[in-house]
Amino acid sequence: MSKRRKRANKTFENVPVVDAGAKGKSVAKTEDGAVIFLKNAVPGDVVDIQTFKKRKSYFEGEATVFHTLSDRRTEPVCKHFGTCGGCKWQHMSYESQLFFKQKEVVENLTRIGHLELPEVTPIAGSEEQYYYRNKMEFSFSASRWLTLEEIQSEVQIEDKKALGFHIPGMWDKILHLDECHLHPAIGEQIRLSVHAFAEAEQIEYFNPREKTGVLRTLMLRMSSTGEIMVVIQFFKEDEKARISLLEHLKNSFPQIKSLQYIINEKANDTIYDQEVICYDGRDHIFEEMEGLQFKINAKSFYQTNSKQAFELYKITRDFAGLTGEELVYDLYTGTGTIAQFVAKKANHVVGIESVPVAIEDAKANAAHNGIDNTTFFAGDMRDVFTADFIAEHGAPDVVITDPPRDGMHKDVVAQLLALAAPRIVYVSCNSATQARDLALLNEQYKVVKYQPVDMFPQTHHVESVVLLEIIK
Ligand SMILES: C[S@@+](CC[C@H](N)C(=O)[O-])C[C@H]1O[C@@H](n2cnc3c(N)ncnc32)[C@H](O)[C@@H]1O
């Protein structure tokens with residue numbers, strides 16, 4: 001065995017699992033202080049460990065023997081738990097998931113941000129812990145991922161087709177899902193029906209290595225109003241197969257208000273540069289929130305947990321402390337959902353976003369909702385959110401910012417410092433980059449309130465909302 005392998009392959013016995021760490025892994029710590037990240041344990045377990053990777057300050061490994069099972073454990077509901085990367089925390093009680101999510105936000109803001117924090121407002125948990133996702137994207141594969149038991153068994157495997165999720169980190173390996181508990185039952189019925197029909201009609205599934213096959217991806221969007229969008233992506237045009245499958249869906253599921261397809265012959269399966277063709281119904285569905293309607297097309301961004309998005313937006317609006325007099329900037333506005341949500345409590349809202357079609361949607365939605373006190377601009381935040389822009393559109397009383405996972409560019413943070421708005425509400429899906437940005441804002445702002453929000457039960461992801469006030 002090479003020296004490197006020797007250092008990576010170690011066994012540890014009777015190690016307590018003490019924490020839940022980054023990317024949904026748990027953290028075990030030996031008496032000698034060695035730190036090991038594990039995929040298959042829960043804080044509170046005591047385990048024997050086999051490590052397989054050595055990093056600078058920790059190991060990665062697997063629990064091989066469980067001496068004590070944690071009180072935080074619960075029975076996963078899904079038979080694919082452990083293989084599918086969709087819900088890494090199904091084996092942990094929801095109460096514990098919330099505990100560790102809140103802990104992560106508090107620790108990131110403290111350790112990375114070095115911030116002086118008030119008492120955390122307890123995490124807003126999700127009423128629905130399963131079946132909450134309004135958008136699902138599944139892939140077809142001609143050669144499905146086989147489990148270890150299947151490989152080890154002597155049984156000849158006839159059925160190789162898969163319709164499901166990518167195995168984490170593997171672009172060409174799809175796990176076939178017999179069940180999925182993340183989206184509403186109707187979505188599950190549609191997915192299983194597509195699979196059964198395609199099998200019966202012998203429509204070929206995509207082979208990403210050989211670039212063959214017909215069926216490529218299936219996207220479902222389900223709004224809280226009960227409207228459904230189905231988008232099927234084909235690798236090549238096979239008119240007979242395409243029409244038979246789309247007709248099958250049209251006749252079997254009257255809830256489908258938007259039935260669309262894409263013929264995508266390029267190497268990757270992202271749809272953003274592809275023409276989406278409407279086969280039946282409209283090219284959009286509607287989502288509703290507090291009397292507002294949002295038009296959602298195949299390419300639109302919309303928060304994937306509609307009920308928790310409502311909670312997140314209420315917390316954001318509450319933190320903004322609006323009286324009706326304020327000029328509000330909504331940075332990274334997407335399709336302008338936050339901007340429209342706060343508009344009736346503000347004098348005017350200015351939304352900025354880099355994706356031009358999202359801005360078109362934002363304008364169309366505002367018009368559709370009869371909102372006349374919003375203005376939207378498309379462009380990179382660094383280029384649009386400038387001193388000249390602020391001079392032209394007015395200095396905001398409140399800035400709401402909801403950047404992507406990477407957080408804000410340092411030039412945008414510098415502009416916020418130069419602007420010195422009285423209040424900033426910072427919404428983030430990554431409290432580590434949020435903490436980094438807050439550390440920079442710290443010279444001029446103090447954290448007045450902060451609250452984590454759980455948008456994605458059964459996963460380690462957590463949203464964090466922070467209210468900053470200018471130090472006078
Ligand atoms: C987390 S989403 C927020 C969406 C919106 N606030 C909502 O709740 O629906 C972040 C948004 O930032 C946009 N974005 C990413 N990088 C950007 C940049 N450099 N300049 C402007 N917008 C950007 C993305 O397109 C995305 O719509």
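A: Let me start with a term: a polar contact is a pair of N or O atoms within 3.5 Å, where within protein one must be able to donate a hydrogen and the other to accept it, and residues adjacent in sequence count only if both atoms are side-chain atoms. Between domain 1 and domain 2, three residue pairs are in polar contact, both residues being at pLDDT 80 or more. This is a predicted model, in which local features need pLDDT of at least 70, side-chain atom pairs count only at pLDDT 80 or more, and totals for chains, interfaces and linings use all residues. Residues are numbered from 1 along each chain as its sequence is written, and side-chain values use heavy atoms, with hydrogens and water left out.

Q: ok, and where are the domains?
A: Domain 1 covers 11–73, domain 2 covers 95–128 + 305–470, and domain 3 covers 135–289, with bounds that come from an automatic or database domain assignment.

Q: how many salt bridges between domain 1 and domain 2?
A: The count is one salt bridge, a term for a side-chain nitrogen of Lys or Arg within 4 Å of a carboxyl oxygen of Asp or Glu.

Q: does anything else pair up like that, or rather, which residue forms a salt bridge with Lys103?
A: Asp19 does, and the closest N and O atoms are 2.8 Å apart.

Q: how far apart are the C-alpha centres of domain 1 and domain 2?
A: Those centres lie 35 Å apart.

Q: new topic: what caps the N-terminal end of H12?
A: Asn430 does, through a side-chain oxygen that lies 3.1 Å from the backbone nitrogen of Ala432; helices here are DSSP runs (H or I, at least four residues), numbered from the N terminus.

Note on methods:
Helices (H or I, at least four residues) and strands (E, at least two) are DSSP runs, numbered from the N terminus.
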